[in-house]
Amino acid sequence: MALGAYYLGSFLFQLPSNLILKSVRPKYWLSATMFCWSLVTVFTSMVSSGRQLAWARFLFGAVQAGYTTGSLYYISYWYPRDMVRNRMGFFFASAGVGGILIGPLCSILSLVETSLVKSWQLIFVVIGLISFSWSLLGPVMLQDFPETATFITKDERRLITRLMTHQNTVASDQKISRRQVSMTLCDGKIALWTLIDFCANAATQVNGMFGPTIIASQGYSPTVAQAISALTNFMAFLGMASVAYIARFTGGSSHAIIISNLITMVGFLLALFASSNGYRMVALFIFSFASSQPAAHGPAWEMANQQGSTKPAMAAALTSAFGGLGPLATAFVYRDQDKPKFILGHTVCLTMTLVCLVTTTMLRRVLSRENRRRDTIRTDISRLTSNEILDLADNHPDFRYKL
């Protein structure tokens, strides 16, 4: 219930947070979200009942809601479309680095027990203070937009601004476009990206939410399981870090998602039919590596195919909000009574991965067909005003979707 409460809070506050980011300087808003979730993390150490814990996790999800989508939106205004995927791969890989570090840290802190604070309370306090210290550095280290950045030269700024203007993604001097908001809500492609993200997040969060539990069910103590989870998080990190290279090697994000889906399905099938704990651990390593990739490829693929001053922010918020509900389902299917095989949980995530595979294939065909249509049929936009042309976003006849 506490895990579910977190994702519910994140869902409800995702879109408002991204719209606020559009109106507030990014370095202050992203730093403020980190500051707030750090405080919530520290105060979670004071809960004394399951209900209080659920409310604390709901609040944590609410204040953290805008960080990931806000960061994706932020990155898309700094780099041309061809470079967005690489940068988002690095961004998502940082979650793997956090997982690598957090496992041994929690394992060490769980051994500390004093009369003043229990070990689980100490974990929340220490991790909250680490985030708190970084939140204070945000306003100093982050820059808002390329057009206002102080660390680049005038020539570099002109070059970046010219590139981003050509792609209709200059953000610093543009307001929220109601037309682009409406376009996003009516765009069926956004719905398909959201379904991909929903299914991808359901599978990739198995390691994050239940990795130590699955490891402990193989006969390891909770402390040892926390330490071993650093290895599965390392596999997730490798998956995230290789996102850009795999997409380049396979010829696009859609092919990369399809391949990683197939490998993830192999991992879940092995987990379902494994006859020993050793094979189940191998399966955990396989799907920890592969399942993490669609969760990074999907948003990167989507953001590389968005234009306009408002549509990228709306698309990121909608996809992350509804797509982020995937782990809400995962939270309730890995039950204690199913250990060590966890047949229900693995079956649900295997099905989710299959749906992700089918949806990705469908979306690739939709985008490819639209590109061919625009190559064949030329649309006259000469009578439109400059603002109307900007509001065409990715519906501009010269825009071509990346596969």
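Is Phe124 buried, partly exposed or exposed? I looked this up in a predicted model, and I found a relative accessible area of 22% for Phe124. Since buried means under 20% and exposed over 50%, I noted Phe124 as partly exposed.

Next I turned to the partner of Phe124, which is Trp120: the two form an aromatic pair that is edge-to-face, at 6.2 Å centre to centre and with 85 degrees between the planes. Both residues belong to helix α5 (residues 119–141), where they are 4 residues apart, about one turn of the helix. Trp120 also counts as partly exposed, at 35% relative accessibility.

I then looked up the aromatic pairs in the structure, and I noted 11 of them. One of the pairs is Trp55 with Phe58, whose ring centres are 5.8 Å apart and whose planes stand at 80 degrees, so I wrote this pair down as edge-to-face. Trp55 and Phe58 both lie in helix α3 (residues 50–76), 3 residues apart, which is about one turn of the helix. Trp55 itself is exposed, with a relative accessible area of 58%.

Around Phe60 I made two notes: ring pairs link Phe60 with Tyr6 and Tyr7 into a cluster, and the charged end of Arg57 sits over the ring of Phe60, 4.6 Å from its centre.

My last entry is on helix α7 (residues 178–186), whose buried residues are Gln180, Met183 and Thr184. Seen down the axis of α7, these buried residues fall within an arc of 100 degrees, so they line one face of the helix. On the other side of α7, I found Arg178, Leu185 and Cys186 exposed.

Conventions. Residues numbered from 1 in each chain as written. Predicted model: local features only at pLDDT ≥ 70, side-chain atom pairs only at ≥ 80, totals over all residues. Heavy atoms only, no water. Buried < 20%, exposed > 50% of the residue type's maximum accessible area, 1.4 Å probe, protein only. Helix = DSSP H or I, 4+ residues; strand = E, 2+ residues; numbered from the N terminus. Arc of directions from axis to C-beta. Phe/Tyr/Trp six-rings, centres within 6.5 Å; stacked < 30°, edge-to-face > 60°. Lys NZ or Arg CZ within 6 Å of the ring centre and 35° of its normal.
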